[in-house]
Amino acid sequence: MIFKSPHPDVEIPETALRPLVLRHAERLADKVAIVEAGSGRSYTYAELASNATKLGAGLHARGFGKGDVMAILAPNLPEYPIAFLGVAAVGGVNTTLNPLYTADEIAFQLRDSKARFLLTVPPLMEKAKEAAAQVAKKLGLSHVLVSCMEPSGDGYSFFVVYGRTHMQLDYAAIEVPVVLHRKHGFDELNEVIQRDFGRRLVVVGACIGTDSHTTGIDAIMNMKGFAGDYGLERYPQLRAINLGSQVEPAALVARAKAEQADAILVSKVVTQREVHKEDARALLEIAKAEKIYEKTIFLFGGPRVDHKTALELGFDAGFGPGTRPSDVANFIYYRMLERSGRAPPPQPTAHGTPDAEIQGATASPAGRARD
Ligand code: B12
């Protein structure tokens, strides 16, 4: 179907493009014709016309003439119209290529248009790499090597830079709370749960708020598990209830309360606006109001979750990428033993040793007096 514009037809004169575009060039000679917003680099009408003519003359001298095809591969530069009009000046035909085209796409268009010449800009890569190296040097690195540069969204690039730093720090003074826990094998853990508690432990989990990432909580809870490690549903001595994703904090607490859960598992991706913290805090506040906070183990997990943040929020532990369901099952078991005074809080040591003695959460959630 053809839609007609309400405006009168544009009159296209029977004339070549170049004289049409430059028809006022003499009158406007000193006025700016093209300006690059970012840099302010500009050409007047007189410069535009004379540069286009010079380019045409140069092309002509190289054997480019009427009917020949020029492929222009360049970003939007102020020189673009000069090139375009220069080609037109000698009766050439322009075919313009998107600078983001792949090599294959460029090759296709060059063949398809039967281009004789290709006009392009000097490779930007080396300059950008040098800029990255200078940034790295300003950040205090020496012996800088920029090994990789990739586009990363509109107007951004991603660099991998190696360099030497002269900065010193006291490695021994660095303290990062990590979840270290003692670990039993699958059968053994089921046996000790039965032996020490005489019942199945109840675990209720969900990905809360608007978050729809189910895969993390599924990896921990579903029968199949993760990385060859059985999920919590597979443990005969655990009753694992996975509520899935987009579960309101209040709904998770309500279900956990109804099931008399021993542990609540919360999965969440970290967001810049800190929605993960808001949701996590809301959940713990509701748990407090419902009087299950003190008697329940709260675990926080997700692809960018760390133990420190989880502790600060008031969880018992935080688990990030690579967590196995058996880590979580063992953590819950030992935490319950600790809570009931039947196992000392595990102490980390410099040397690893057999399961039951060593490893354990390095810190307790701030401000939580239980047991
Ligand atoms: C698949 C995926 C999606 C799918 C999710 C489908 C589904 N059904 O889950 C879809 C397409 C829906 C999606 C959407 C979005 N996604 Co997404 N997504 C991913 C992706 C590529 C893989 C996630 C995955 O499946 N991982 C596999 C599981 C097994 O790993 P995991 O989640 O880390 O879980 C492990 C541990 O973290 C831990 N764990 C996880 N939860 C819990 C909970 C407990 C209690 C415990 C103990 C352990 C634990 O155990 C698991 C096993 O080891 C990741 C990138 C990545 N590589 O991580 C991004 C990623 C998670 N997504 C991200 C984002 C930003 C989004 C969107 C906001 C994008 C957008 N702008 O729209 C939306 C959000 C939609 C929403 N409402 O939530 C970001 C999150 C950033 C962050 N800071 O955490 C990531 C990390 C990508 C990135 N750019 O960095 N996504």
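This is a predicted model: local features need pLDDT of at least 70, side-chain atom pairs count only at pLDDT 80 or more; totals for chains, interfaces and linings use all residues.
**Figure 1. Packing of helix H2 with helix H3.** Two packed helices are described by the angle between their axes and by the distance between those axes. For helix H2 (residues 45-61) and H3, the packing angle is about 55° and the axes are 7 Å apart, which means that H2 is oblique to H3. The crossing of these two helices, H2 and H3, is right-handed. On the side of H2, the contact is made by Leu48, Asn51, Ala52, Thr53, Leu55, Gly56 and Leu59, and on the side of H3 by Pro81, Ile82, Ala83, Leu85, Gly86, Val87 and Ala89. Sorted by class, the contact of H2 with H3 comprises ten nonpolar and four polar residues, with no charged residues.

**Figure 2. Packing of helix H6 with helix H11.** The axes of helix H6 (residues 186-197) and helix H11 (residues 325-339) come within 11 Å of each other and cross at roughly 25°, and H6 and H11 are therefore roughly parallel to each other. The crossing of H6 and H11 is left-handed. In this view, Phe186, Leu189, Val192, Ile193, Asp196 and Phe197 of H6 meet Ser326, Ala329, Asn330, Tyr333, Met336 and Leu337 of H11. By class, nine nonpolar, two polar and one charged residues make up the contact of H6 with H11.

**Figure 3. The open sheet of five strands.** The strand order of this open sheet is S9-S8-S10-S11-S12, and the five strands pair in parallel. At the edges stand strand S9 (238-242) and strand S12 (317-319), each of which has a single partner strand, so one side of each is left without a neighbour in the sheet. On average, and with direction ignored, neighbouring strands of this sheet are turned by 20° against each other. Strand S8 (residues 201-207) pairs with S9 in the parallel sense over five bridges, and Val203 stands opposite Ala240 in S9.

**Figure 4. Packing of helix H8 with helix H9.** Helix H8 (residues 249-258) and helix H9 (residues 275-289) have axes that come within 9 Å and cross at roughly 40°, which means that H8 is oblique to H9. The crossing in which H8 passes H9 is right-handed. Pro249, Ala250, Leu252 and Val253 of H8 make the contact together with Asp279, Ala282, Leu283, Ile286 and Ala287 of H9. The residues of the contact of H8 with H9 fall into eight nonpolar and one charged, with no polar residue.

**Figure 5. The shell of residues around the ligand.** There are 28 residues around the ligand, of which Thr215, Gly216, Ser267, Gly301 and Pro303 come nearest. Helix H7 (215-221), strand S10 (263-267) and strand S11 (297-301) each contribute at least two residues to the shell around the ligand. The most is given by H7, which supplies five residues of the shell. Divided by class, the shell around the ligand consists of 13 nonpolar, 13 polar and two charged residues.

Definitions and conventions
Residues are numbered from 1 along each chain as its sequence is written. Axes are lines fitted to C-alpha atoms, for helices over the stretch in contact, and angles run from 0 to 180 degrees between N-to-C directions. Helices (H or I, at least four residues) and strands (E, at least two) are DSSP runs, numbered from the N terminus. Angles under 35 degrees count as roughly parallel, over 145 as roughly antiparallel, 65 to 115 as roughly perpendicular and the rest as oblique. A crossing is left-handed if the near helix is turned anticlockwise from the far one by less than a right angle, and right-handed if clockwise. Two residues are in contact if their C-beta atoms, placed from the backbone, lie within 7 Å. Ala, Val, Leu, Ile, Met, Phe, Trp, Tyr, Cys and Pro count as nonpolar, Asp, Glu, Lys and Arg as charged, and the others, Gly among them, as polar. A residue is near a molecule or strand if its C-beta atom, placed from the backbone, lies within 6 Å of it. Two strands pair if DSSP finds at least two bridges between them.
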